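Visitor: I have a model open and want to learn how to read it. Where do we start?

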Amino acid sequence: MGEIERRLSSSQIIILGFAAVILVGSLFLMFPASTQDGQGASFADALFTATSAVCVTGLVVQDTATYWTVFGQSVILVLIQVGGMGVVTVALAVFAASGKKISLKERSTMQEAISAHKVGGIVKLTGFIIKMVFFMELLGALAMAPAFCREFGLGEGIWLGVFHSISAFCNAGFDLMGSKGHYSSLTYFAGDPAINLAIMALIVAGGIGFLTWDDIKTNRHRFRKYQMQSKVVLAVTAFLILAPALYFFFFEFSREPLARRVWYSLFQSVTPRTAGFNTADLNGFSETGLAVVILLMLVGGSPGSTAGGMKTTTFAVLFSTMVSVFRRREHTHFFGRRIAGDVVQNAVAILAMYLILFLGGGFIISRIEGLALLDCLFETASAVATVGLTLGVTPKLGLASRGILVLLMYIGRVGGLTLIFAASGSKKGNTARLPQEKMTVG
């Protein structure tokens, strides 16, 4: 990558890489061939859509199925794939395939991009990621294609299977169901077991992270040999699926027939972290139900995954730290292992950052647009956690509010800490210690 690459930190390469792909994608979406009316999208609509696709969010200002042509949808799909796998991962895979030697700097950038613990074996891990992504997406497409083909015909059914499989595994939430109703997502297939199971499986598979999958591949059923992070990811993921599903089952969908009630509850528990599909009308939820969805969106997926949000590990560290304080323990720990102090500090900083962005964005949009605060907070949580669920507010927003959502989606995908580290460069903080003094909190 030359002299420029050597001057940039890994964090700066990551954020510039995402920005470059977003801009290129925006230009393609402005081509006349991208839209049904043959006029091309406006720069504002193209930028919003490209950002949403690369940041695997799923918020849209134009219905994907009815506004974009097959060419435009293909551009969106490529952006989703690149964004889900990660710009750096895709670039490294291309370099490796071309026979180019991967430098230590490029390996280090890849390590940061997928949150790996070490540089060693990073090229081999990249190969595993590429194979796994396409294998899972192929399985998903094959599983959903029969249902889509029955409804839409062979050619379109195959295309829909491929599109929704990639969108689901990359936790993007883009759908092509607009022909059944604009912005209807998967509500038409709410009772279809094949579609429900395939989408949920793909969301979870993409959301638990490539490092966890590598651990599963290596140790298989020997759970005790898994790395601590993998154990935490799997345990928290299971809890965050089952607990909300029980709430939805007993409170939000209590009037539905039993079979549909089960599918509704499970799907709406899985999709907020952070896929953006929905099979039920979210506007029918109670305020408590919407609050539960917001919390799930903010937690998000796991490190090194296609999902956004604060991450399951951040949630786990914060919760364990709280328990340690209550029990007057000096350290946070999981599965017989102590957590380093800097990890706890990072978790607290990430939580504060997400809360500021989520609340600040919601307050500003609510004031600008004159909309209900809860509705605006739902949209900003969906944007900063790169989810894509919506209460129908986003397409109605003005340019300023859409700009806020674009910024939130971008920060949510590249990571707040990555942006801060990129802005601060490689400067090290002052190692001198100031005098210590006690202060009471709580």
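**Aromatic pairs, helix packing and burial**

Guide: Start with the rings. This is a predicted model, and a search of the whole structure finds 16 aromatic pairs.

Visitor: What is the geometry of the pair formed by Phe-249 and Phe-250?

Guide: Phe-249 and Phe-250 are edge-to-face. Their rings sit 5.1 Å apart, centre to centre, with 85 degrees between the planes. Planes over 60 degrees apart count as edge-to-face, so this pair qualifies.

Visitor: Is Phe-249 buried or exposed?

Guide: Phe-249 is buried, because its relative accessible area is 17% and the cut-off for buried is under 20%.

Visitor: Which residues form one aromatic cluster?

Guide: Tyr-247, Phe-248, Phe-251, Phe-253, Tyr-264 and Phe-285.

Visitor: How do I read two packed helices?

Guide: Use the angle between their axes and the distance between the axes. Take α10 (residues 193-207) and α13 (residues 258-270): their axes come within 10 Å and cross at roughly 25 degrees. That makes α10 roughly parallel to α13, since angles under 35 degrees count as such. The crossing of α10 past α13 is left-handed.

Visitor: Which residues make the contact?

Guide: From α10, Pro-193, Asn-196, Leu-197, Ile-199, Met-200, Ile-203 and Val-204. From α13, Trp-263, Leu-266, Phe-267 and Val-270. By class, the contact of α10 with α13 has ten nonpolar residues, one polar and no charged.

Visitor: Where is Thr-314 found, and what does Thr-314 touch?

Guide: Thr-314 is in helix α15 (residues 312-326). Thr-314 is buried, with a relative accessible area of 7%. Leaving out residues up to four places away in sequence, Thr-314 touches Ala-347 and Ile-350.

Note on methods:
Residues numbered from 1 in each chain as written. Predicted model: local features only at pLDDT ≥ 70, side-chain atom pairs only at ≥ 80, totals over all residues. Heavy atoms only, no water. Axes fitted to C-alpha atoms, helices over the stretch in contact; angles between N-to-C directions. Helix = DSSP H or I, 4+ residues; strand = E, 2+ residues; numbered from the N terminus. Parallel < 35°, antiparallel > 145°, perpendicular 65-115°, else oblique. Left-handed = near helix turned anticlockwise from the far one by under 90°. Contact = heavy atoms within 4.5 Å. Nonpolar A, V, L, I, M, F, W, Y, C, P; charged D, E, K, R; others polar. Phe/Tyr/Trp six-rings, centres within 6.5 Å; stacked < 30°, edge-to-face > 60°. Buried < 20%, exposed > 50% of the residue type's maximum accessible area, 1.4 Å probe, protein only.
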